[in-house]
Amino acid sequence: MKVINENISSPDLSVEFIADKIGISRVHFHRRLKDATGLTPRDFVRNIRLSQAAKLLAGKNFDITDVAIATGFRSVSTFSTCFKGYFGMTPTEYARKNAKTAEEKYPYIGYKIAKIRYAGINKKGLFLRNFVAVIPANP
């Protein structure tokens, strides 16, 4: 997993590359991964890439092209086809459906920051203090 996660953005991440990095033959790696996960190494890597892409699409306002490149796909059309096959919706639909509302992203919308100057008297005399407060915009 470490090899895959470190090289997820590389389009050259392949079964041969992973097998070489972990020090076993391509055939042996294929057989062991297929036995452990039920997936071929190519499908396993693709699913990890698509899961990472889903996190990026849901978390921030990334462009689909940027997400495709960041997760190691060579073309946006291939990325979109694979994404739709895995999640059952296009990346754009997924981003819209899973995007956080403005209130979830920015919990202080509807609030304002107020600088408050406070004057008081204590044993030493008159004093001034400045405060910053977050208050509702429409109290």
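Which exposed residues does the face of α2 turned away from its buried side carry? They are Asp20 and Lys21. Exposed means over 50% relative accessible area, buried means under 20%, and partly exposed lies in between, with a 1.4 Å probe and protein chains only. The model is predicted: local features need pLDDT of at least 70, side-chain atom pairs count only at pLDDT 80 or more, and totals for chains, interfaces and linings use all residues. Residues are numbered from 1 along each chain as its sequence is written, and side-chain values use heavy atoms, with hydrogens and water left out.

Start with the overall plan. The protein has 8 helices and 2 strands. Helices (H or I, at least four residues) and strands (E, at least two) are DSSP runs, numbered from the N terminus. Along the sequence they give the pattern α-α-α-α-α-α-α-α-β-β. Of the 139 residues, 26% count as buried. The accessible surface comes to about 10,000 Å². Carbon and sulfur atoms account for 54% of that surface. These areas come from the Shrake-Rupley method with a 1.4 Å probe; for residues, only the protein chains shown count as cover.

Now return to helix α2, residues 15-22. Val15, Ile18 and Ala19 are its buried residues. They lie on the same side of α2 because they cover an arc of only 95 degrees around the axis. That arc is taken from the directions from the helix axis to the C-beta atoms. The buried residues of α2 pack against α1 (2-6), α3 (26-37) and α4 (41-59). After α2 comes Gly23, with a positive phi near 85 degrees.

Helix α1 holds Val3. Val3 counts as buried, at 16% relative accessibility. Not counting residues up to four places away in sequence, Val3 touches Phe17, Ile18, Lys21 and Ile22. Contact here means heavy atoms within 4.5 Å. Val3 and Leu13 are 10 residues apart along the chain, and their C-alpha atoms are separated by 9.2 Å.

Next comes helix α3, where Leu33 lies. Leu33 is buried, with a relative accessible area of 13%. Residues up to four places away in sequence aside, Leu33 touches Gly38, Leu39, Thr40, Pro41 and Phe44. Leu33 and Phe44 are 11 residues apart in sequence and 8.5 Å apart in space, C-alpha to C-alpha.

Move on to the loop between α4 and α5 (64-70), where Phe62 is found. Phe62 counts as partly exposed, at 39% relative accessibility. Leaving aside neighbours within four places in sequence, Phe62 is in contact with Leu56, Leu57 and Val67. Ala95 is 33 residues from Phe62 in sequence, and 9.0 Å away in space, C-alpha to C-alpha.

Last, look at the largest pocket. It holds about 310 Å³ of space. α2, α4 and α6 (76-87) each give two or more residues to its lining. The largest share, 5 residues, comes from α4. In total, 16 residues line the pocket, and Leu13, Arg42, Val45, Arg46 and Arg49 lie nearest its centre. The lining divides into 8 nonpolar, 4 polar and 4 charged residues. Ala, Val, Leu, Ile, Met, Phe, Trp, Tyr, Cys and Pro count as nonpolar, Asp, Glu, Lys and Arg as charged, and the others, Gly among them, as polar. A pocket, on a 1 Å grid over the protein atoms alone, is an open set of points where a 1.4 Å probe fits, with protein on both sides within 12 Å along at least five of seven lines; lining residues have an atom within 4 Å of a point. Points are joined across faces, edges and corners, and the volume is the space filled by probe spheres set on them.
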